Amino acid sequence: MVGTGGNGLARPSCTMLNNLSDTSSAFPVKLSLVSASLFLGLFFFLPLILVFGVSLASRGLYGGITWIATWENYQRVFDPLVGVIFFRSLFLAGLTTFICAVVGFPLAYCLARASRHWQLILLTLVMIPFWTNFLVRTYAWVLILRADGILNSLLIRLGLLDEPLSLLFTDLSVFVGLVYGYLPFMVLPLVVAIERISPQLEDAAFDLYASMGGMFRHVLLPLSIPGFLAGGVLVFIPSLGAFITPYLLGGGQNMMLGTFIQQEFLVARDWPFGSALSFGLMGTVLLLWFLLGRTSVEKDPS
Amino acid sequence: MNESVVLDKVIKTHGLVRAVDHVSLAIQSGEFFSILGPSGSGKTTILRLIAGLDRPDQGDIVIQQRVVTLDPPHKRPVNMVFQHYALFPHLSVFENVAFGLQMKGERQANIQKAVSHMLALVRLQGKEKRLPGQLSGGEQQRVALARALVNRPVVLLLDEPLAALDQQLRQEMQGELKRLQREVKATFICVTHQQDEALMLSDRIAVMQGGKLLQVGTPQEIYDHPVSSTVAQFIGLSNVLSGTIASYEGGLCRVEHEVLSPVMVMGSPHDTLQGAVTVVVRPERVHVSADMSVKGYDNMLQAIVHQVAFSGNEVVYHVRLRDEAIWMARVPIAEAQSSPLAVGQPVYVQWWAQEGMVLPAHPAPC
């Protein structure tokens, strides 16, 4: 179970290609392959190559790019200051993923076990925030968290606080924003995973003397791992590179990698360093992905 | 013999449906008890109520003289073999079987011993490390049995235990179930919709429909003396004829039919039967021949051969009566070969009065 989840994650394109080549009508398959490759090449690899090229260039005197090849940008990636931002990002993204998993699991369980009718309603409720722009939704958190915001005024009016807490522009506010933003990406894969676990397995566990906790630990949790893996990837990677949330809710001090890269491009106008940072981030993600794939393959008994 | 499981006027409603409707049952300890009924008759709900996976709306459940109605599953000396087995797909055969003992907090050494012993009993040695997905249907079935029996339950509940197996494996497992029951000496309660399975395995059978118990008895009793035509049709093949009681004469009862000639069945006016009734005759009791028999059977109906089916040691004739009803007659192969009948041939269907059963058309609940 674990292994198949990991393999599926690590090599999705492989199985897709195999499936495609199995179909008998070769011509449309070839056509779609060619168009897919063209699309990917044009809109994914070409920009990637461009950014890589820029990351090897130097910054001009007034911004802009001077085409003098150098490794200097990559050396700067290992600057201690970048390290602080990097590890804060890693920590916040990791914590976000963990909390999304903890908060998301009960929700996903209810969704997966609800009747068809309720499932539709609940899924719609989960999806509704997507109908609003992410920026607007993040601004809403500014209104809630700031010193004279909704939360503080409520707490003061209830007499629980004398003066407002400074919630905005802290790691906490960034973290809250990230969890809020990426929770659905954890919930949806978990729903799929839990739906595939027969409720009879829960009955069987109870019949075999398991308590609620025992059933969860020995049956539900291990069988949900594919969902946790898929959801974890979908939450961890975007929160590692997130820039709107840390920018709006973290202010200037609590930068994350995404904000830092964005600032290098738009504020410091150092495109080569920004590009090198982007590649550093991508490298980290690929490395983690690879490690994840490795551990799941090792657990595979077959 | 004492009672192992008692259900006392149990009611369970799912939404608007009465899944179990005033069911009272007493199952003896050591008994192989089958609950037989069509799907949706509430038989699986009864198992879940005994296991504690569902709670009754009303009534009580007693296991070994102890009221367990409100006890959770893990406080009942009962284990279940689920339909489709519900083996844990991420655990090995050994871990599956050890699950219950582990949850109970048994010592590791004891678990090791008990599981090995159990796997030997169901003949699965050497497959401890396999995952359920790597086993055949029959092996999965045996893991499910071992996983339940290793906990030494007083009562083993089986939900359609053989339904997922093919014909040959099913017969093998029937013998296996009987053998296991003798060895572990537990009460087996088995739910099935296969009447031959129930007849072959059970000490006693309960027939259910629509959440109600229709009849409880030994296979022989239910086969020979069904309380209603529903039960008769559910247990064994039956030929059915609806009519009204016209009169009683000399220990016989005369039933008249709209189209067919009247039939005689054993019965006396002391029976409470009146008005609309159903006459049931088992296919092996019916005699079919081209000419009127000299034996002087009590009943005779005219028919036309509709279909002839060979099944190894016997021939099953499907004949069409004058009211378009199809009846069946099972004839030993030797007899059928000595005087063969062809499709379309007019025949006489004959049987003795004592071989028919007269049953109320609308059964009273038992």
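Predicted model: local features only at pLDDT ≥ 70, side-chain atom pairs only at ≥ 80, totals over all residues.
Let me begin with chain A, whose secondary structure consists of 15 helices and two strands. Of its 302 residues, 32% count as buried, and if we take the contacts between residues at least 6 apart in sequence, 71% of them join residues at least 24 apart.

The helix pair I would like you to look at is α9(A), residues 171-195, with α12(A), residues 225-241, whose axes come within 7 Å of each other and cross at roughly 160°. With the limit for roughly antiparallel set at over 145 degrees, that crossing angle makes α9(A) roughly antiparallel to α12(A), and the crossing itself is right-handed. On the α9(A) side the contact includes A:Leu178, A:Tyr182, A:Phe185 and A:Met186, while α12(A) contributes, among others, A:Phe228, A:Ala230, A:Leu234 and A:Val235. Sorted by class, the contact between these two helices holds 15 nonpolar residues, three polar ones and no charged ones.

One further residue of chain A deserves a moment, namely A:Val84, which lies in helix α5(A), residues 80-113. Is A:Val84 buried or exposed? A:Val84 counts as exposed, because it has 11 C-beta neighbours inside 10 Å, and the cut-off for that class is 12 or fewer. A:Val84 and A:Met256 are 172 residues apart in sequence, yet their C-alpha atoms are 9.2 Å apart in space.

Turning to chain B, we have nine helices and 20 strands, with C-alpha atoms that fill a box of roughly 75 × 45 × 40 Å along the principal axes. Buried residues make up 40% of the 366 residues of chain B, and residues 24 or more positions apart account for 65% of its contacts with a separation of 6 or more.

Within chain B, five strands form an open sheet in the order β15-β19-β16-β17-β18, with antiparallel pairing. The edges of this sheet are β15(B), residues 287-289, and β18(B), residues 326-332, each of which has a single partner strand, so that one side of each is left without a neighbour in the sheet. Averaged over the sheet and ignoring direction, neighbouring strands are turned by 45° against each other. Inside that order, β16(B), residues 299-310, and β19(B), residues 346-351, run antiparallel and are joined by six bridges, and one bridge to follow on the screen is that of B:Asn299, whose partner in β19(B) is B:Trp351.

Finally, how many residues of each chain take part in the contact between chains A and B? The contact brings together 16 residues of chain A and 16 residues of chain B. On the chain A side, the elements giving two or more residues are α10(A), residues 199-207, and α11(A), residues 212-223, and of these α10(A) gives the most, with six residues. By class, the chain A side divides into eleven nonpolar, three polar and two charged residues.

Key. Residues numbered from 1 in each chain as written. Chains lettered and ligands numbered in written order. Helix = DSSP H or I, 4+ residues; strand = E, 2+ residues; numbered from the N terminus. Buried ≥ 20, exposed ≤ 12 C-beta atoms within 10 Å, placed from the backbone. Contact = placed C-beta atoms within 7 Å. Axes fitted to C-alpha atoms, helices over the stretch in contact; angles between N-to-C directions. Parallel < 35°, antiparallel > 145°, perpendicular 65-115°, else oblique. Left-handed = near helix turned anticlockwise from the far one by under 90°. Nonpolar A, V, L, I, M, F, W, Y, C, P; charged D, E, K, R; others polar. Pairing = 2+ DSSP bridges.
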